[in-house]
Amino acid sequence: MILEMKGIQKSFGGLEVLKDISLEVDSGEVVSIIGPSGSGKSTLLRCATFLETIDSGEISYMGVPAATTGPEGYALYVSEAELRKVKSYFGLVFQQFNLFPHYSVLKNIMDAPIAVQKRDKEEVYEEAMELLRKMNLENRADAYPCQLSGGQQQRVAIARALALNPAILFFDEPTSALDPELTGEVLKVIRQLADEKMTMVVVTHEMPFARAVSNRVIFMDKGVIVEQGHPEIVLGAPTQERTIQFLRNYQR
Amino acid sequence: MTLSTMLSTMGAGMLRTCAIFFLTILFSLPLGMVVMFLRQSRFGIVRVITKIYIAIMRGTPLMLQLLMWYFGPYYLFGMNIRGYRLPAIIIGFSMNYAAYFAEIYRGGFETIPKGQYEAAEVLGYSGPQTFFKIILPQVIKAILPSVTNEVITLVKDTSLAFTLAYNEMFSIAKQIAASQTSFMPFVIAGVFYFIANYAVAFGMERIEKALDYYR
Amino acid sequence: MKKKLAILLAMVMIPASLAACGSSGSDAPAYRFLEEDLGTESYAIGFRLGDEELAETVSGAVQALVLDGTYASIGEKYPDIKDFLCLTAEGIDEASLPEKGSGDPEYVFKHGFDLDYPPYSYLQDDGSVGGFDVELAQAVCEYMGWGYEAVPFNWDAKDMELNAGSCDCIWSGFTKEGREDLYTWGITYSDNTQGILVAGDSDIKTLADLAGKVVGVQTATSAYDMLEGDRKDLADTFGELKVYETYTIAYNDLKAGAIDAIAIDLTAGSYLIAGDNQ
C-alpha cells in the first residue's frame, strides 16, 4: 500500500469540508477523483500532501505513519525530520503549475534533486534531459517559464515532480487553467505515465480522460465519498442518486 | 581660494559623504529585512513595538532623529559621547532607512503568489532554502524600482549630517560659501549629487536589466 | 561710534578711489550700511554654567596675550575685526594672570565654534580651519601649555554640544547680551554693532525707511535675536523678516534684488561686501 488515509476529518472555521474520509492507493493504481466544486476533493489532495493539516484521522505512506490519532482523538503529526522523509514519497502537480519563474526549465527540474536530495549533478542532468524528452520539450531546456505556453509549463511541472522519483504523483486539476486546445498534450503525458504503471491520484473534470486512464474513479460530494469503483461503473452505470445528478449536469 | 583648493577641500567631504552613503546601505538593507520580520512576528507585543518604530521613523524628520541618536545617550544616561558623531549618524540613517526598506520589502513579499511557497514545500525545500533560493530572488526583482528611489533619496539626505557637524560635502560647501561669499561651492555640490545619483540610477538600471530575463 | 564712522568712511573711500580710475560709473559703493544701527553688543566666551575655574583661566590667558601683543597681532590679520577689539593693556593686573606654561599638559581644550561664521571662525583659503577666534583660542592653549582640539558644530545645536561635553566652550563671535544667565561667561574680547546692509543705490537711508521692506537675517544670530527681542518694534514695521540658514544665501538674495536689506553685525557684514565693494 502506497498511501493510506483513514477517517480524515477537516474543518475550516466550523465548516466541515472532509467528513470521515478514507482512501487507499495501491502501487500502480491510477485513481481519479471527481465531484462538483466545493465537494472537498482538492482539500483532500492538499491534506494528503500536507499543505493542509487534518483535524483527525491517520495518514501513512509506504507503511510509514505521518499522522496518527493522538490521546485526545486529534491528529498527531510526526516530527519535522520524519515528515521530510515521508514527503519524498510523493509529488504534486498544481492547477497553476507554480513553476519558479526565475529558473530556466532545466533548473526548475534539476534544482530540487540537487539541493534537496543532494544527488550528483551529472546524473540529475541526464535524468532531467530524459524527462524533457519524454515531455517532448528537450529543445526548451534553456527557456524560462514565461516563454512557454500553459501546456508546456504544465509538462515541465510534471517533469519537475517526477525528477524527485516519487512513489506516487498527485494532480490537482492539472488542465483546469489551460486553454481547451492545450489540455490534450498534458493529458497525453499523464496517460503515458499511466501506461508505465506510475501510481497517480488525479483530481479532474475531464470525464473521458478519467474513464480511459483510471483504474478507479471516486465521486465526492459535500465532504464525503459518495461512490467509488471501476470507471465504467461509476461513470457508466452509477448507483447513487447524487452521482447520477452530477454526471447529468456535467453532460449538459 | 582657488578652484583647485575648493575642489580638494570639498573632496575630503565627498569621501565622508560616500562613507555615510555606503555604510547606511550596508546596514539598512539587511536591517530592513529584520524589521519586516519583526513586524509580522507571532508575538503581538513585538508587532506593536515594530509598528510604532516604523511610524516614528517615517513620521518625524530625519534631522530630529539624528539629534536624538547623538545627544540621546548623554541626556538619558549621562554617557560620554566623544567620538560618537559618525556612529550616531550611521545609526540614525540606518534605522530610518531600515523602516522604509521594511515597508518596501513587505510590499515585495506580498507580490509572491502562495503557490511558490507551496511548490517549494512539496518539492522538499527547507525553510531557508525556500527563502533564499525561491522567494528572495523574486522579491528583489519586484522591489528594485522602489529601492532605487530610496537610494537616490539617501544620496541627497546625506547632507543632513551637517546637523551633527559631521563635515560631509554639503557642510563644507556651506562653509566655503560663507568664507568666500561665493555660490560656486553649491554648484559643485549640485554637480556631485547629480553625478552620484546618475551612477546609482545607471547601476540599478543595469541590475534591473539583468533580471529582465523573466517575468 | 568712532569705529563705525571709520568703517563707513573706508567703505565710501574704496569705491570712490575705484571710480577715480574710471572703472565704475557711480560714486556710491555697491553695498553700504545705514548710519543708524540696531545696537552694540559684546562678544565673549561662553562656558558651561558653573565652569568658573576654566572661564577664569582662559580669560586670564587672553589678558596675558593682550599684554604680550599677540591679541593685537592676530587682529592685524583680520581687518574687518581690528576696529572692534576692545581689550587694552590698561587696567590689567599682571600678577593675577596665570603663569605662562602653567596649565596641565595632558589637558586638551575643546574649542566649540561655527565654521560658517567669518571672520571669527571659518574655512581659510587653503581649506584649513581658522579665523580670529580660532587663532586666539589656539594662542591661549599655547600659552597655557594645553592641547587644542577644534570642535566645529552646527550653530543650532551649540547648547546640546556644550552640555553633552563634546566641547568646553562656545567661542565663535558669541554675543553675551540676552544670554547673561545661560552661561558662565569668560572675558569680553570684542564688541560689535548690529547694522542694516543695503544696496548702494537703495533709497533706504534710515531705519524708518525699512517700513514695508523685506529684510533678511540669519537664524540664531544676534541680529535675529535683537529683531525678535529688544527691537521687535522695528521688525514689526518690516514688510517681512526673512530668516535664512546662512548669510551667504541672504546676501545673494540682496544682490538679486529679492530682498531690500540685511540685518547683520558690521564685522560679518563688512566681510560679506568686501569683495563687491573693491
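This is a predicted model: local features need pLDDT of at least 70, side-chain atom pairs count only at pLDDT 80 or more; totals for chains, interfaces and linings use all residues.
Is C:A220 buried or exposed? With a relative accessible area of 17%, C:A220 counts as buried, because the cut-off for buried is under 20%.

Now hop over to chain A. A:K118 also isn't a glycine, yet has a positive phi of about 55 degrees. You'll find A:K118 in the loop between helix 3 (105-115) and helix 4 (121-134) of chain A. A:K118 is exposed, and its relative accessible area is 62%.

## A cis peptide bond

Back in chain C, look at the link from C:P118 to C:P119: this peptide bond is cis, and its omega is near 0 degrees. C:P119 belongs to the loop between strand 4 (116-117) and strand 5 (121-123) of chain C.

## A negative patch

Which residues form a negative surface patch? They are C:E35, C:E36, C:D201, C:D203 and C:D209. Take C:D201 from that group: it's in the loop between strand 9 (184-199) and strand 10 (214-218) of chain C. C:D201 is exposed, at 71% relative accessible area.

## Chain C as a whole

Chain C has 10 helices and 12 strands. Of its 278 residues, 55% are buried. Count the contacts between residues at least 6 apart in the chain C sequence, and 77% of them join residues at least 24 apart.

What about the outside? The accessible surface of chain C is about 11,600 Å², and carbon and sulfur atoms account for 50% of that.

Terms used:
Residues are numbered from 1 along each chain as its sequence is written. Chains are lettered from A and ligands numbered from 1 in the order in which they are written. Side-chain values use heavy atoms; hydrogens and water are left out. Patches are made of residues with over 30% relative accessible area and no salt bridge: like charges are joined within 9 Å, nonpolar side chains (Val, Leu, Ile, Met, Phe, Trp, Tyr) within 5 Å. Accessible areas come from the Shrake-Rupley method with a 1.4 Å probe; for residues, only the protein chains shown count as cover. A salt bridge is a side-chain nitrogen of Lys or Arg within 4 Å of a carboxyl oxygen of Asp or Glu. Lys and Arg count as positive and Asp and Glu as negative; His and the chain ends are not counted. The place of a charge is taken as NZ of Lys, CZ of Arg, CG of Asp or CD of Glu. Helices (H or I, at least four residues) and strands (E, at least two) are DSSP runs, numbered from the N terminus. Buried means under 20% relative accessible area, exposed over 50%, partly exposed in between (1.4 Å probe, protein chains only). Contact means heavy atoms within 4.5 Å.
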